[in-house]
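Student: Could you walk me through this structure? I am new to it and would like to take it one piece at a time.

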Amino acid sequence: MIKQNGSGSLTNEQSQFYEEQGYLIIPQLLSEEDLASAREAMTQKVSMIADELFADGLITDKLEDRPFPNRLAELFQDLSAENFLKYGRSWRDRIPGYFTLMSNPKILDAVESLIGGELFANPVYNVRPKVPKVAAGAVPWHQDKSYWPDANANPIITVWIPLVDANEVNGCLHIKPQTHRKRVLKWHRETYTGTGYTALKDSQLGKTETVALPVLAGSAILFNDRCLHMSTPNMSDTVRWSVDLRYQPTDQDPMVQHGVGFLARSYKFPSRVATLEDWLAGRPEHEE
């Protein structure tokens, strides 16, 4: 693919690995400072949930002094999975800290290396609190594209970033390399978690090896939306916080049926790049 003006931040070796394998790990791409705004947004959300649980009489202590990885898990430790799933398996709130993260130049520079500098932030971004022992925390084998099979958008790059260290105890990602060249496989809605994830049957997975991807907080895993992947249950006693962000070229389907994305970077039309105010107002571009 011909790059547009900027060159991005990946080395030729990294770009080649992504093209061949369908994914790429960038260890500790983001610093603690880079993650701070997203953590603050997540903390705001947890406080809102704690207030509601308290008002409903489901808890007697909002646990406001508990550390970030612990608080949400402890709020729900004596409640049911249904109580947790009331708030959804993933969140897509428009809290400023999420826009700050999605607009981070370090992320955009990496994605630019792969698809050029005219970048649209897809509306399907997710904040994922994988809470211990809740079935919905385990995500079955799937392709991201199964969630938008009719969208004329390709390539879409998922950028998965943990806010805490992700490992095989708290449920890191697992991926099947080189499966990004597959078509969109026939999928079904699973029933185990109560959330209806798209899922594939074991017979569809083939003999391709499975690679576990434990990474430190702030690392990024980039992968193609056709690449087969999953994550395991959280068997720890803290929350495995992560985000999955998605980017695509601006000339692809903006997928408005899934919400409003935004113009994240443009060398051709820099004045149109969305600001925080635009994003909060649901505008995909800056209006002068």
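Predicted model: local features only at pLDDT ≥ 70, side-chain atom pairs only at ≥ 80, totals over all residues.

Student: OK, so which strand runs alongside β4, and how many bridges join them?

Tutor: Strand β11, residues 229-231, runs antiparallel to β4, and 2 bridges join them. Two strands are said to pair if DSSP finds at least two bridges between them, and strands here are DSSP runs of E with at least two residues, while helices are runs of H or I with at least four, both numbered from the N terminus.

Student: In what order do the strands of that open sheet come?

Tutor: The order is β4-β11-β6-β9, which makes 4 strands in an open sheet with antiparallel pairing. β4 (139-142) and β9 (211-213) stand at the edges with a single partner strand each, so one side of each has no neighbour in the sheet.

Student: Switching topic, how many helices and strands does the chain have?

Tutor: The chain has 7 helices and 13 strands. Of its 288 residues, 54% count as buried, where buried means under 20% relative accessible area, exposed means over 50%, and partly exposed is in between, with a 1.4 Å probe and protein chains only.

Student: Is strand β5 mostly covered or mostly open?

Tutor: Strand β5, residues 157-162, is mostly covered, since 6 of its 6 residues are buried. This holds on both faces, with I157, V159 and I161 buried on one side and T158, W160 and P162 buried on the other.

Student: Which strands does β5 pair with?

Tutor: β5 is joined by 4 bridges to strand β10 (residues 220-224), running antiparallel, and there W160 stands opposite I221. β5 also pairs with strand β12 (residues 240-249) in the antiparallel sense, over 6 bridges, and V243 in β12 is the bridge partner of I161.

Student: What about charges, how many salt bridges are there?

Tutor: A search of the whole structure finds 12, a salt bridge being a side-chain nitrogen of Lys or Arg within 4 Å of a carboxyl oxygen of Asp or Glu. One of them links D56 with K86, whose closest N and O atoms are 3.7 Å apart. D56 lies in the loop between α2 (32-55) and α3 (68-75), and K86 in the loop between α4 (81-85) and α5 (96-102), so the pair ties together parts that are 30 residues apart in sequence.

Student: Are those two residues buried or exposed?

Tutor: D56 is partly exposed at 45% relative accessible area, whereas K86 counts as exposed at 54% relative accessibility.

Student: And which residue forms a salt bridge with D109?

Tutor: That partner is R265, with the closest N and O atoms 2.7 Å apart. Since R265 lies in strand β13 (residues 262-265) and D109 in helix α6 (residues 105-115), the pair ties together parts that are 156 residues apart in sequence. R265 is buried, with a relative accessible area of 14%, while D109 is partly exposed at 26%.

Student: Where is I59, and what does it touch?

Tutor: I59 sits in the loop between α2 and α3, and at 10% relative accessibility I59 counts as buried. Leaving out residues up to four places away in sequence, I59 touches A50, L53, F54, L75 and L79, where contact means heavy atoms within 4.5 Å. The C-alpha atoms of I59 and L75 are separated by 7.4 Å, although the two are 16 residues apart along the chain.

Student: Last one, which residues of helix α1 are buried?

Tutor: In α1, residues 12-21, the buried residues are S15, Y18 and Q21. Seen down the axis of α1, they fall within an arc of 155 degrees, so they line one face of the helix; the arc is that of the directions from the helix axis to the C-beta atoms. The face turned away from that buried side carries the exposed residues N12 and E13, and the cover over the buried residues of α1 includes β1 (23-26), α6, β5 and β10.

Key: Residues numbered from 1 in each chain as written. Heavy atoms only, no water.
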